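I opened this entry to record what I looked up in the model. The notes follow the order in which I consulted the strands, the backbone and the ligand site.

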Amino acid sequence: MKYLNQLLHSAADQLSGYSRREFIGNAGKTLLAATVIGELASAESASAQSTAGGRGPGPRSMADAIKVEVPTQHAPSEGAATSYPSILPKDKRAGYAIVGLGELTLGEIMPAFSACKNSKPVALVSGDADKARKVAMQYGIDPKNVYSYQNFDDIKNNPEIEAVYIVLPNSMHEEYVVRAANAGKHVLCEKPMATSSKEAQRMIDACKKAGKKLMIAYRIQYEPNNRQMMEYTRKQKFGKVKVITAVNVQNIGNPNQWRLKKALAGGGSLPDIGLYNINTNRFLLGEEPYMVNAHTYTTPNDIRFKEVEEAVMFQMFFPSGAIANSTCSYGVHDSKHYRCYADNGGWFGMDPGYSYKGLMPEVSHAEGRVQNKMQPKIQEKNQFALEIDHFSECVIENKTPYTPGEEGLQDHKIMEAIYESARTHKPVELARISTVDTFRGTPPKED
Ligand code: NAD
């Protein structure tokens, strides 16, 4: 099948653009119909061998992905035909060790692997052996691939693990990113990257030194509806975006949790949820702020906020003249939205915009006397699966991730400027950067 695939692609290389896609689609359907059953069978047996023998994947590329088509049952007026994903055989997918089995891992990341096309969970790292054993049983992970924080470095001897996904409290990210890189593994790290720009820089340096990739898990930048908003902004669909408003607020509970301890979290609502405002504003515009202005507010005597701030209101000023006005708070009911105001007849945004699910784009534009208000939604996909698969593709094809460590470091520099502005009651200037997408790597493929 791989040989047939190569033949098909080299014949198609003689063509270009649409005709190339059409050629592969039509010829591929015939070949796939004849071979896909055999391919799947051999993939399963290779997968079984790989797991039994504990070997890592052999030579592979994204061209090994299998696509299966069935005839469409719907009229063209029903919208675009269903696109079935191209999926790598299991033995060729990138194998992950997931570090930290808390709310995000159990609620989102482990379930997301079932929607992944290039990635699979092969190992778990936890301080709670009993919990890890149960999760391993749930997801078919070999019990020999369950590690503790103490024997974590032994992952270096396990070729099934190619990448490590760090899902620990923020202050622990640096230690586990560095240990993972030193064990010879690529690293996907949750946001915020660290608790300071110094830590973030050390994490980048350690991964560079070890020759390993580092990506920060900014899921919003991989989500199709948010990417659509980014395109509206960059292509000036309704004119130039001059103002962005962004809100990310939620009412935090248990006063004893690590998110409210400065040493573990690095700060309060800003690094946890205000980071979405910062990072998404930068992503939408592609620009970097040259100045910030900020104020914090904390309700006196609220036992939750002994160490960290409750709310931050901040403005980011961009070289194009755009201003983003953002609010994050741990003290009011959940709301996550943003809106981009442009100068030629329209505004657009998302409400909710930063949530895991239920995203809702909004567009308002004028046509003469008519004001159109629309909710033009692209079918949602699992954001965590998109982000994990992008990293796997970068590992498999040796590419720089779209959101590498440098993207996370820049957010830390901005957060430090925001805290300084709030402390001094003065605007704080940042390095002037005039290029676009300065810290981003290879853009994710649209599926
Ligand atoms: P959590 O508290 O639910 O889980 C943290 C895990 O770390 C737990 O299993 C806990 O046992 C373990 N741990 C190890 N040492 C610990 C210590 N000293 N103190 C506390 N816990 C310790 O947290 P979470 O919500 O899963 O968040 C984990 C990371 O994921 C954080 O960096 C957070 O910012 C990030 N996160 C990202 C998103 C997103 O949308 N990308 C959403 C939620 C959380």
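Which residue in S9 is the bridge partner of threonine 296? I found valine 312 in that place. Before going further I noted that the model is predicted, that local features need pLDDT of at least 70 and side-chain atom pairs pLDDT 80 or more, and that totals for chains, interfaces and linings use all residues. Residues are numbered from 1 along each chain as its sequence is written, and side-chain values use heavy atoms, with hydrogens and water left out.

**Entry 1. The mixed sheet**

I took helices (H or I, at least four residues) and strands (E, at least two) as DSSP runs numbered from the N terminus. I counted two strands as paired if DSSP finds at least two bridges between them. Strands of a sheet pair through backbone hydrogen bonds, either parallel or antiparallel.

I traced an open sheet of 9 strands with mixed pairing, in the order S14-S13-S12-S11-S7-S10-S9-S8-S15. Its edge strands are S14 (370-374) and S15 (428-429), each of which pairs on one side only.

I then followed single pairs within this sheet. S8 (residues 291-297) runs antiparallel to S9 (residues 311-317), with 7 bridges between them. S8 is also joined to S15 by 2 bridges, again antiparallel, and there methionine 291 has glutamate 429 of S15 as its bridge partner.

S7 (residues 241-251) pairs with S11 in the antiparallel sense over 9 bridges. Threonine 245 has arginine 339 of S11 as its bridge partner, and I noted that arginine 339 also stands opposite glycine 349 in S12. S11 (residues 331-342) and S12 (residues 346-350) are antiparallel and share 4 bridges; cysteine 340 is partnered there by phenylalanine 348 of S12. The hairpin of S11 and S12 has 3 residues between the strands, and glycine 345 takes a positive phi near 90 degrees in it.

**Entry 2. The parallel sheet**

I found an open sheet of 6 strands with parallel pairing, in the order S3-S2-S1-S4-S5-S6. S3 (146-147) and S6 (214-216) are at its edges with a single partner strand each, so one side of each has no neighbour in the sheet. S4 (residues 163-166) and S5 run parallel and are joined by 4 bridges, and isoleucine 166 stands opposite cysteine 189 in S5.

**Entry 3. Backbone exceptions**

Most residues other than glycine have a negative phi, and most peptide bonds are trans. I therefore listed what departs from this pattern.

The bond joining lysine 191 and proline 192 is cis, with omega about -15 degrees. Proline 192 is in the loop between S5 (186-189) and H6 (197-210). The peptide bond from aspartate 351 to proline 352 is also cis, with omega near 0 degrees, and proline 352 is in the loop between S12 and S13 (361-367).

Asparagine 398 is not glycine, yet its phi is positive, near 55 degrees. I located asparagine 398 in the loop between H10 (383-397) and H11 (405-424).

**Entry 4. The ligand site**

A polar side-chain atom of asparagine 170 is 2.8 Å from a ligand oxygen. A polar backbone atom of leucine 101 is 3.4 Å from an oxygen atom of the ligand. An N or O atom in the side chain of glutamate 190 is 2.9 Å from a ligand nitrogen.

Methods:
A polar contact is a pair of N or O atoms within 3.5 Å; within protein, one must be able to donate a hydrogen and the other to accept it, and residues adjacent in sequence count only if both atoms are side-chain atoms.
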